[in-house]
Amino acid sequence: MFDSTKAKEIYDKASRQQKLDMVRVIIERRESSALDFVLDVLPQEQDVFIISALVKAAGILGERRTISSLQPYLGHSDGRVRANAVEGLEAIGDEMGWPLIVPLLNDKDHRVRANAARALINFDEKEARNLVEELINSEGANARATALYFLRTVKVSWAETLLWSFIEKESQPDLHRLACGLLAENGTSKSVEFLERMMSQGDEVKARAYVIALSALKRRVKDQPEPEPFAIEDDEKMTPALTSVATIEPPRRSSNRRPSSLTNSQWQVVQK
């Protein structure tokens, strides 16, 4: 059983690297009894890297009662902390976290937005689709841009047809080009037919976006096997406003080797 009292005594005297390694080991071991320790030391931390690690640990070890402890970190000034707070709520997987994540789709940090989109899909894809449709049909340009980012970040079978509808009626050139870019990068052969039909309508303002998107899409469809509907491929090929998304790190393997920064006594506490 994890001894939170002893761990707290050691943690308070530990160096920055030792703290980070203690939290990493706790995350790897998935020791649920360490949750109280994590929630106890979290409010006292000022280092954003350590806060980020603790927030991640709180989510992985957490349960419904942990949501209120993570909520303040959704508004933290540092993007990595906010991103990890979203990951934490996703890991907890409780429906109470859903409404807290939705506003983060408009976060200024690309990783936060990407994590929020992925988390909402994992919570409830049907509700996520309803949200995206509401955003993409909004009168506000920022809301529509958020919907496009969502569709850029996650892979869903219904994205292609939703983009067709959006492209047909979108009047703002920048958003129209972004949507065409999404089809060029991730559409199927059906999007070739769609873009050809749109070109035939003679809209000179949108014609250049159609030409560029159609040319790129035809090359990709010809040179590559048909992808799964709306499969995400290369982040760097996307229009600048939507270029970067979060890098999802593969899960670490739990290790029984003591990190070099931890003393034997520190290692023994976090190993229990």
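## Helix α2

Helix α2 is largely enclosed by the rest of the structure, because ten of its 14 residues are buried. This is a predicted model. The buried positions of α2 are Gln-18, Lys-19, Leu-20, Asp-21, Met-22, Val-23, Val-25, Ile-26, Ile-27 and Glu-28.

The helix covers residues 16–29 and reaches 20 Å from its first C-alpha to its last, close to the 20 Å expected at 1.5 Å a residue. Just after α2, Arg-30 takes a positive phi of about 50°.

In helix α11 (residues 159–169), the buried residues include Leu-162, Leu-163, Trp-164, Phe-166 and Ile-167. The buried residues of α11 pack against α9, α10, α12, α13 and α14.

## Salt bridges

The count of salt bridges comes to 18. One of them joins Arg-118 and Glu-90, with the closest N and O atoms 3.8 Å apart. Arg-118 is in helix α8 and Glu-90 in helix α6, 28 residues apart.

Arg-197 forms a salt bridge with Glu-168 at 3.3 Å between the closest N and O atoms. Arg-197 lies in α13 and Glu-168 in α11, so the pair ties together parts 29 residues apart in sequence. Arg-197 is partly exposed at 40% relative accessibility, and Glu-168 is partly exposed at 41%.

Within helix α9, Arg-129 and Glu-133 are four residues apart, separated by about one helical turn. Their side chains meet in a salt bridge of 3.1 Å, N to O.

Notes
Residues are numbered from 1 along each chain as its sequence is written. This is a predicted model: local features need pLDDT of at least 70, side-chain atom pairs count only at pLDDT 80 or more; totals for chains, interfaces and linings use all residues. Side-chain values use heavy atoms; hydrogens and water are left out. Helices (H or I, at least four residues) and strands (E, at least two) are DSSP runs, numbered from the N terminus. The expected span of a helix is 1.5 Å times one less than its number of residues. Buried means under 20% relative accessible area, exposed over 50%, partly exposed in between (1.4 Å probe, protein chains only). Contact means heavy atoms within 4.5 Å. A salt bridge is a side-chain nitrogen of Lys or Arg within 4 Å of a carboxyl oxygen of Asp or Glu.
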